[in-house]
Amino acid sequence: MISQLSWKIGGQQGEGVESTDRIFSTALNRLGYYLYGYRHFSSRIKGGHTNNKIRISTQPIRAISDDLDILVAFDQESIDLNAHELRSGGVIVADAKFNPVVPEGVDARLFAVPITAIAEELGTSLMKNMVASGASWALLGLPLEVFNKAVGEEFGRKGQAVVEKNIEAVKRGAEFVLEQAGGPIDEFKLEEADGKQKLFIIGNEAIGLGTIAAGCRLMSAYPITPASEIMEYLIKKLPKFGGTVVQTEDEIAAVTMAIGANYAGVRTMTASAGPGLSLMMEAIGLAGMTEQPLVIVDTQRGGPSTGLPTKQEQSDLNAMVYGTHGEIPKVVLAPASIEDCFYDMIEAFNVSEQYQVPVIVMTDLQLSLGKQSCEVFDYDKIQINRGKLVSDVPALEDNALFKRYELTEDGISPRVLPGEKGGIHHVTGVEHDEVGRPSESSINRKKMMDKRLNKLNGLQIRDAIRVDAPHDNPELLIIGMGSTGGTIDEARRRLDADGITSNHVTIRQIAPFPAEELSVYLNGAKRVVVLENNATAQLASQIKMHAGYADKIHNVLKYDGNPFLPSEVYTACKELN
Amino acid sequence: MATFKDFRNNVKPNWCPGCGDFSIQAAIQRAAASVGLEPENLAVISGIGCSGRISGYINAYGLHGIHGRALPIAQGVKLANRELTVIASGGDGDGFAIGMGHTVHAIRRNLDITYIVMDNQIYGLTKGQTSPRSAEGFKTKSTPEGSIETTLSPLEIALSAGATFVAQSFSSDLKQLTSLIEQAMAHKGFSLINVFSPCVTFNKVNTYDWFKENIVNLNEFPDYDPSNRIAAMTKIMETGGMLTGLIYQNKERKSYEDMIVGFKEEALAHQSLDISRESFDKLVAEFK
Ligand SMILES: Cc1ncc(C[n+]2csc(CCOP(=O)(O)OP(=O)(O)O)c2C)c(N)n1
Ligand code: SF4
């Protein structure tokens with residue numbers, strides 16, 4: 001019996017790789033296993049090799065694995081490209097149709113299952129995915145009933161006949177492979193899972209759900225990889241809550257529409273990736289200058305320009321922190337888990353209204369699109385705070401204007417929505433006085449700049465940094481952000497085994513930078529490793545600039561389009577020691 | 001009931017004496033009062049330019065945004081609170097150069113807002129460069145040898161983009177302009193009113209006198225039928241785009257807000273932000 005295993009399916013894009021993965025993993029999720037998915041895809045829609053990998057475990061996992069136990073292949077290319085990942089004694093389940101061969105030097109058992117033939121015999125080659133997932137399921141020695149239930153739910157609305165056909169396909173796949181293998185393979189038999197109900201969800205969907213829970217009712221956006229799923233989720237769900245999604249003509253329209261809607265009182269967001277973020281820059285300045293709440297999600301992908309649009313990167317950090325001309329207060333939050341994606345959206349909308357500032361939520365492709373198990377989101381933790389939003393303002397004498405930009409102690413002024421009788425004021429991106437009238441007075445200018453730029457001094461978010469620090473004076477402090485946390489933790493386990501002590505800090509509040517909180521950990525560590533998916537060490541630069549300790553900091557950078565593997569992190573850390 | 005005086009504030013416009021924009025401001029104030037609006041129920045969203053300052057000169061809610069983006073901001077305001085009357089406004093550079101993409105798509109989208117372009121055929125605020133509305137051969141600081149690009153015809157573009165209300169006016173004709181703004185506010189959908197608004201400082205060609213000589217008022221054609229799109233297009237072309245009045249109106253097409261499935265009459269901004277435990281559980285169950 002084993003506690004974890006890696007499974008991968010490969011084929012041509014559009015050939016059923018996605019759906020096989022979906023049904024297989026849904027059933028595993030029902031049994032209570034922890035899953036972590038990794039989608040490899042190119043920007044082609046049909047054709048071209050694609051593969052999905054999932055790691056299955058009885059314990060929480062948040063990283064892809066280095067090796068592979070089972071490879072399901074719809075074509076020889078999938079074997080040729082992926083078989084090298086197989087651990088010795090691993091298994092290839094391949095469609096007998098293409099006469100699969102195990103590449104030289106790969107020590108794996110091959111089961112050639114007539115995947116296409118069985119599917120066609122049952123009526124349609126579309127059922128290939130069911131045959132393949134049935135075969136995979138059987139190898140793990142898991143009960144077929146659970147699987148059949150998942151199949152029933154997937155196809156229920158197509159009628160009983162379709163369900164039965166698919167169940168039959170699963171059964172045939174399972175039987176065939178078991179016959180060849182002589183029963184479930186012992187070393188793939190998974191220990192029983194804890195059976196606790198979990199969610200199996202991608203970051204973008206968690207963001208969508210968090211957005212609705214946060215009371216956001218409008219989204220204006222322009223499609224882009226890897227952000228589009230947020231829009232697609234919200235267009236399905238927002239109408240049920242009275243809201244809607246507008247697909248705008250470009251990202252400038254998306255962000256300015258969101259500014260207009262926030263100004264008029266509806267929590268509104270937009271989401272994009274690097275190219276769209278670049279187009280939004282001037283408008284972000286407008287929101288900062290006019291103190292409008294605004295939430296933007298940037299799902300980072302490979303840049304610059306069109307870059308690697310379907311690959312992992314964390315290189316928009318500088319753009320998010322520094323982007324827009326002039327100086328404005330801005331918050332950049334970096335969720336580091338699926339749970340964060342949900343709860344941070346609520347936080348983002350609250351912070352944005354409480355401080356009347358733009359908030360950028362930073363994810364990366366792996367966090368946005370990688371499907372993972374996570375704890376069920378807690379309804380009782382949803383809290384909405386609209387800050388100094390006032391209503392029923394009494395009418396002022398002689399058309400006097402409301403002090404929307406009143407100079408207050410904390411720099412945050414009362415906010416009123418259009419429609420309020422006593423609330424009329426001006427809003428302009430030109431420097432303005434307390435009622436919003438344009439003003440070039442140098443005294444006013446300085447007061448207003450200071451007001452805006454000091455507003456965030458009191459900012460407190462949940463876990464500005466997330467700390468796992470078992471040691472007072474570790475050999476290593478490893479710092480990361482976004483999707484890399486799980487990988488770092490696995491590397492640390494290996495380092496532990498070698499006797500190398502390490503702490504781990506995840507930076508979740510990128511701006512304003514939580515230098516003070518971080519300093520304690522920087523101070524205590526002998527060496528500091530900052531791990532990021534970019535070429536110019538943007539996070540490390542923030543740390544050095546705000547907290548210091550430049551002489552201790554070592555960069556571990558990866559910008560080839562792929563997420564870090566635990567072994568790479570382990571090796572990099574080991575070499576430093 | 002509010003009178004036009006209630007739409008005045010005590011901010012003194014920084015427009016040059018004689019600028020056409022003054023009358024457009026007055027026309028908006030008059031029209032707002034005459035359709036029975038209260039200042040708090042009007043939002044004027046403007047772009048950047050001399051003309052863009054207009055939102056600061058009207059006693060109403062208003063937002064003076066960034067160059068070329070008045071329309072998407074205005075559409076956001078309307079989606080958030082459809083109980084407000086929303087006017088978007090700006091110059092010809094704002095709406096037909098940097099903001100042209102938004103103009104065409106706002107027309108297609110057909111949200112119920114009124115867009116008033118203050119068309120002076122030149123860039124005023126940046127002190128006299130060519131605009132997409134400048135005539136060919138027009139000499140400006142940026143076209144010392146005369147403009148060599150064709151003049152953009154916003155009316156034709158609006159019609160071909162599916163506009164449901166297209167009008168043109170002249171800032172000197174306060175009566176016509178006020179009436180057109182009233183009709184536009186009553187129209188259920190997107191209304192474009194292009195207003196000739198002479199720039200007395202930088203445009204020495206398209207002057208008040210020049211407009212008076214060249215404008216053709218649709219009043220002169222008693223048989224003209226503004227519900228006929230082909231006739232509208234023909235008339236625009238026949239007059240070289242120099243006609244004024246209500247050029248086209250489609251009363252059949254519903255506004256965007258009215259076509260969004262499940263979108264309520266009540267302002268979204270007044271609806272609750274909370275979701276019930278039951279709805280939440282339903283959303284979450286999809287990922288189990
Ligand atoms: C992104 C950007 N580019 C350029 C400018 C400079 N600018 C301000 S107004 C303007 C054009 C003004 O012309 P128009 O829109 O016709 O308005 P007018 O001043 O004539 O009323 C320009 C180019 C700016 N504010 N923002
Ligand atoms: S420069 Fe022209 S457009 Fe600007 S205020 Fe003066 S007259 Fe009006």
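**Chain A: values against cut-offs**

Colleague: Why does Thr324(A) count as buried?

Modeller: The relative accessibility of Thr324(A) is 13%. Buried means under 20% relative accessible area, exposed over 50%, partly exposed in between (1.4 Å probe, protein chains only). So Thr324(A), at 13%, is buried. One caution: this is a predicted model, where local features need pLDDT of at least 70, side-chain atom pairs need 80 or more, and totals for chains, interfaces and linings use all residues. Residues count from 1 along each chain as written, chains are lettered from A and ligands numbered from 1 in written order, and side-chain values use heavy atoms, without hydrogens or water.

Colleague: What makes the phi of Thr324(A) worth a note?

Modeller: Phi is near 95° there, positive in a residue other than glycine. Most residues other than glycine have a negative phi. Thr324(A) sits in the loop between H11 and strand S12 (331–333) of chain A.

Colleague: Why is Ser305(A) called exposed?

Modeller: Ser305(A) has a relative accessible area of 65%. The cut-off for exposed is over 50%, so Ser305(A) qualifies. Ser305(A) also has a positive phi, near 50°. Its place is the loop between S11 and H11.

Colleague: How do you know that the bond joining Gly303(A) and Pro304(A) is cis?

Modeller: Omega is about -10° at that bond. Pro304(A) lies in the loop between strand S11 (294–300) and helix H11 (317–322). The bond from Ala511(A) to Pro512(A) is cis too, with omega near -10°. Pro512(A) falls between strand S20 (509–511) and helix H16 (515–524). Most peptide bonds are trans.

Colleague: What makes up the secondary structure of chain A?

Modeller: There are 18 helices and 22 strands. These are DSSP runs numbered from the N terminus: H or I of at least four residues for helices, E of at least two for strands.

Colleague: What makes a set of residues a nonpolar core?

Modeller: Its members are buried Ala, Val, Leu, Ile, Met, Phe, Trp, Tyr and Cys residues joined through side-chain atoms within 4.5 Å. The largest such core has 99 residues. Ile479(A), Ile510(A), Ile45(B) and Leu79(B) are among those with the most contacts inside that core. Helix H10 (residues 274–290) of chain A gives the largest share, seven residues. Apart from this core lies another, of 54 residues, including Ala221(A) and Tyr343(A).

Colleague: Which residues does Leu79(B) contact, neighbours within four places aside?

Modeller: Among them are Leu218(A), Val246(A) and Met257(A), along with Leu111(B) and Tyr256(B). Leu79(B) therefore has contacts, heavy atoms within that cut-off, in chains A and B.

Notes
Contact = heavy atoms within 4.5 Å.
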